[in-house]
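Dear colleague,

I am passing on the structure we spoke about, and below it you will find notes on what was found. Please read them with the model open beside you.

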Amino acid sequence: MALKDYIRDFIKLIYPDNCPACGRILLENDNFLCTKCRFDLPLTNFHLEKDNIVEQIFWGRTTIERATSLLFFQKKSRYQKLIHQLKYKGKKEIGFELGVLLGSQLKKSDWIKNIDYIIPVPLHPKRQKKRGYNQSEWIGKGLEEQLGIPQITDCLVRTKHTETQTKKSKAERWENVSSIFTVQNESFITNKSILLIDDVLTTGATIESCAQTILDEKKGGKVYIATIGYAKA
Ligand SMILES: [Zn+2]
């Protein structure tokens, strides 16, 4: 065993890692989540199901090729805790790990090979500065690593700083997200198939607005959607 492995094991002995979902101490062979949380993941398998309920959300609203979420999301569940830490506690590496998980599932779909670029839903620069990172971009980094598809973060830009969505009615949320994104360097995504990614999908309004912006700017492109969680609106 190399010296650095000894040192790593020694550090782990004193400061063991905890499962970010349930808090149990991780065992030697656990990676990111403990065995139980990995086993219990509420996977949707929507990437294998055409016309699934996430795709249905966009029917009659915008043209989405395929859409999926990795997990069913329930309030106060262990898995919601993961997203909470990712968004509000500075744990950006959780995004990376969730992206790797999502990527390992998407590999099994028949449509992932169509994708040219991954684009994360952008935060407004002000919010990103405050948070220090865009959580969706970190999910994208994990996806990029798992799938070998490049992520681009300088094409789709958020131009309006919207208030937090959670206290608004559905109609107000719609109003709130119409035309808040813009595309720059549009030649880059002309005729390309884009996988838009976000942390949690609820009404789909934000991600729809992104899709609409991409499709408006350039004809011929195609939009696919993947998120970590799907929460019923
Ligand atoms: Zn756990």
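A residue is called buried if 20 or more other C-beta atoms lie within 10 Å of its own, exposed if 12 or fewer, and partly exposed in between, with C-beta atoms placed from the backbone. Please bear in mind that this is a predicted model, in which local features need pLDDT of at least 70 and side-chain atom pairs count only at pLDDT 80 or more, while totals for chains, interfaces and linings use all residues. Residues are numbered from 1 along each chain as its sequence is written.

Asn45, in the loop between α2 and α3 (53–57), is exposed, with 12 other C-beta atoms within 10 Å, and has a positive phi of about 60° although it is not a glycine. Phe32, which sits in the loop between α1 (3–14) and α2 (35–40), also has a positive phi, of about 70°, but is partly exposed, with 19 other C-beta atoms within 10 Å. Helices here are DSSP runs (H or I, at least four residues), numbered from the N terminus.

The chain is divided into domain 1 (1–40) and domain 2 (42–230), with bounds from an automatic or database domain assignment. Their centres, taken over C-alpha atoms, are 29 Å apart, and 5 residues of domain 1 are in contact (C-beta atoms, placed from the backbone, within 7 Å) with 8 residues of domain 2.

Conventions
Two residues are in contact if their C-beta atoms, placed from the backbone, lie within 7 Å. Helices (H or I, at least four residues) and strands (E, at least two) are DSSP runs, numbered from the N terminus.
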